[in-house]
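This report describes the fold and the packing of side chains for a reader new to protein structure. Please keep the sequence and the model in view while reading.

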Amino acid sequence: MMGNTEQGAASPRVPALNWQDAHRTQIQLRYGDLDAMGHVNNARYAEFLEVARLALAAELGIELAGRSVLARLELDYVRDIRPGQQVLIETLVERTGRTSWTSVSRILADGVPCAFSRSVVVRVDDQGRPEPLPEDLKAQVAPWLVRA
């Protein structure tokens, strides 16, 4: 997963988007995040992204726990993350639909992109069936929208 990505620069797997507008979530690395190779285990990246989605939803006032399900997660690994690095998740909202919203995120370690993800979250009712997103969600996510 090591690469020659310049600090903060996009790679073919981390698109150049309006990351300056992104919602930011700081991640505290723990010893348990490491694997036998001495870097952050690849499975932890999905957990970090979950923390970032929950932080964004909380800031938006959206209840995700018990009301939403992760329907899709794409994750491209670019470089590894090592102990002692500052880890930051930057998240933008790519689109909102009738019952779901799609976000894109990049994971940075010491300002260097290490992974890119796209996730689709579907709002569900008590029976687990898709239900419409809150009416005001599009206005709420406006500050974090992907812009061309």
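How many aromatic pairs does a search of the whole structure find? The search finds two. Rings of Phe, Tyr and Trp (its six-membered ring) pair if their centres lie within 6.5 Å; planes under 30 degrees apart count as stacked, over 60 as edge-to-face and the rest as tilted. The model is predicted, and local features need pLDDT of at least 70, side-chain atom pairs count only at pLDDT 80 or more, and totals for chains, interfaces and linings use all residues. Residues are numbered from 1 along each chain as its sequence is written, and side-chain values use heavy atoms, with hydrogens and water left out.

**Aromatic pairs**

| Pair | Geometry | Centre to centre | Angle between planes |
|---|---|---|---|
| Tryptophan 19 and phenylalanine 116 | edge-to-face | 6.4 Å | 80° |
| Tyrosine 45 and tyrosine 77 | edge-to-face | 5.0 Å | 70° |

The pair of tryptophan 19 and phenylalanine 116 links distant parts of the chain, 97 residues apart. Tryptophan 19 belongs to the segment before strand 1 (23-27), and phenylalanine 116 to strand 5 (residues 112-123). Helices (H or I, at least four residues) and strands (E, at least two) are DSSP runs, numbered from the N terminus. Tyrosine 45 lies in helix 1 (residues 42-60) and tyrosine 77 in strand 2 (residues 68-77), so this pair ties together parts that are 32 residues apart in sequence.

Tryptophan 19 and phenylalanine 116 are both buried. Buried means under 20% relative accessible area, exposed over 50%, and partly exposed in between (1.4 Å probe, protein chains only). Tyrosine 45 is buried, with a relative accessible area of 0%, whereas tyrosine 77 is partly exposed at 23%.

Five strands form an open sheet in the order 1-3-4-5-2, with antiparallel pairing. Two strands pair if DSSP finds at least two bridges between them. Strand 1 and strand 2 stand at the edges with a single partner strand each, so one side of each is left without a neighbour in the sheet. Strand 4 (residues 100-109) and strand 5 pair in the antiparallel sense over 10 bridges. Leucine 108 stands opposite proline 113 in strand 5.

**Glutamate 90**

Glutamate 90 is found in strand 3 (residues 87-96). Is glutamate 90 buried or exposed? Glutamate 90 is buried, with a relative accessible area of 5%. Its side chain is joined to that of arginine 24 by a polar contact of 3.2 Å and to that of arginine 106 by one of 2.6 Å. A polar contact is a pair of N or O atoms within 3.5 Å; within protein, one must be able to donate a hydrogen and the other to accept it, and residues adjacent in sequence count only if both atoms are side-chain atoms.

**Nonpolar cores**

A nonpolar core is a set of buried Ala, Val, Leu, Ile, Met, Phe, Trp, Tyr and Cys residues joined through side-chain atoms within 4.5 Å. The largest has 15 residues, and those with the most contacts inside it are Tyr45, Ile81, Ile89 and Ile107. At least two residues of this core come from each of helix 1, strand 3, strand 4 and strand 5. Helix 1 supplies the largest share, four residues. Apart from this core lies another, of 11 residues, among them Leu56, Leu60, Trp101 and Leu137.
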